[in-house]
2 protein chains.
Amino acid sequence: MAFPAPLQRLIQALEKFPGVGARSAERMALHVLRSPAEDAAELALALRDARMETLRCAVCGNITLRTPCAICEDEDRNRTLVCVVEGPREVESMESAGVFTGLYHVLMDGFAPREGAEPEPDALDALRKRVEQDGVLEVVLATAPDREGEGAGLLVAEALEGLDVNLTRLARGVPVGTRLEYLHGEILADAFRGRSAMPAPSSSR
Amino acid sequence: MAFPAPLQRLIQALEKFPGVGARSAERMALHVLRSPAEDAAELALALRDARMETLRCAVCGNITLRTPCAICEDEDRNRTLVCVVEGPREVESMESAGVFTGLYHVLMDGFAPREGAEPEPDALDALRKRVEQDGVLEVVLATAPDREGEGAGLLVAEALEGLDVNLTRLARGVPVGTRLEYLHGEILADAFRGRSAMPAPSSSR
């Protein structure tokens, strides 16, 4: 005799999440049983709404309620500059930090795991088309500084071959706020390779 | 600009699961968006059904569709023997293994985390009442062999104080199928303390 059927069914549905094994799914399901019924109802509603109401922007590939998305339609942004990211979460991080005012191009749908994940061929074609047709002057690669990210970057470079566009990538170096003693040798090597002249002391100081 | 509102809402609902942080909830939510709509609908339904259709057995505390549960009502089981477990998952493991034919008593609702979790006072009172009224001859403690489990065992022993019942606990020792070199010293100490006479070779051999 196993768990009651409805509980078993919930466990099976939860196990479909990436990274959620049998034991985690059991714990999650038992949590649902002891939580207020409104919590389960809210999660059920949120699941359907998120699944039914969101789509991917036909221009940049980001997740949105309508296409083109608000970022792609924002005339105040720098439309000659496109930042290529791996997934929607990277867009969210950059927008939250408020450090970039150009447009984005999203290579993948951003679900885990990313091991072995490659840019969607459609996303690469769409990027080439944007550069050809939309007056893009610079494409900044902001894929992760690891094997998947480097691989994605190479595919982007290939996709843009022959086009008159500046292809750049985010600076690599020492991350602000860390202590050097804890940093990986490759980070330090990047930082040495990319070293720059010390800024002159500001005269207003 | 963050994620679209329905996605944000789904992330927040998923974050309520124990052990699911902001990043995991994002990954899970993005997984929902890329999965078939039927999967999201099935999970939504399963959530409500599991929450609405299950309850805890008024006798043993296990999760069930009706009370008393099928195990408590099964007249073929040994009704003089009650195994005390921490949660519904332990009942499920034991029933799957088919190693116990008595009745159960469930001390907690079994959601994670169990750190610091204590038996529900109602569960202890109910156990005492079962022993007093239902002809229980032996209570086997099957709480986990760790701090929480030992603590729960002490509370059970206190709750049964003064009653004429045999209180036993699961044997401790070397788990079958492992190699001794990998075992913790405390496991070996338990195994030495509990050593028993070698069974005589079977004459039929």
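A residue is described here as buried when its relative accessible area is under 20%, as exposed when that area is over 50%, and as partly exposed in between, with a 1.4 Å probe and protein chains only. The model is a predicted one, in which local features need pLDDT of at least 70 and side-chain atom pairs count only at pLDDT 80 or more, whereas totals for chains, interfaces and linings use all residues. Residues are numbered from 1 along each chain as its sequence is written, chains are lettered from A and ligands numbered from 1 in the order in which they are written, and side-chain values use heavy atoms, with hydrogens and water left out.

Between the chains, helix α1 (residues 5-14) of chain A packs with helix α3 (residues 37-53) of chain B at an angle of about 150°, their axes being 8 Å apart. Helices (H or I, at least four residues) and strands (E, at least two) are DSSP runs numbered from the N terminus, and the axes are lines fitted to C-alpha atoms over the stretch in contact, with angles running from 0 to 180 degrees between N-to-C directions. The contact (heavy atoms within 4.5 Å) involves Pro6(A), Leu7(A), Arg9(A), Leu10(A), Ala13(A) and Leu14(A) on the α1(A) side, and on the α3(B) side residues including Leu43(B), Ala46(B) and Glu53(B). Of the residues in this contact, 10 are nonpolar, none is polar and 4 are charged, where Ala, Val, Leu, Ile, Met, Phe, Trp, Tyr, Cys and Pro count as nonpolar, Asp, Glu, Lys and Arg as charged, and the others, Gly among them, as polar.

Arg9(A), Glu42(B) and Asp49(B) are linked in a network of salt bridges, a salt bridge being a side-chain nitrogen of Lys or Arg within 4 Å of a carboxyl oxygen of Asp or Glu. Over all chains, the count by this rule comes to 20 salt bridges.

In chain B, Arg56(B) and Glu120(B) form a salt bridge whose closest N and O atoms are 3.0 Å apart. Because Arg56(B) lies in strand β1 (residues 55-56) and Glu120(B) in the loop between β4 (102-106) and α6 (121-133), the pair ties together parts that are 64 residues apart in sequence. Arg56(B) is partly exposed at a relative accessible area of 30%, and Glu120(B) is likewise partly exposed, at 25%.

A salt bridge joins Arg66(A) and Glu73(A) at 3.5 Å, N to O, and another joins Arg66(B) and Glu73(B), also at 3.5 Å.
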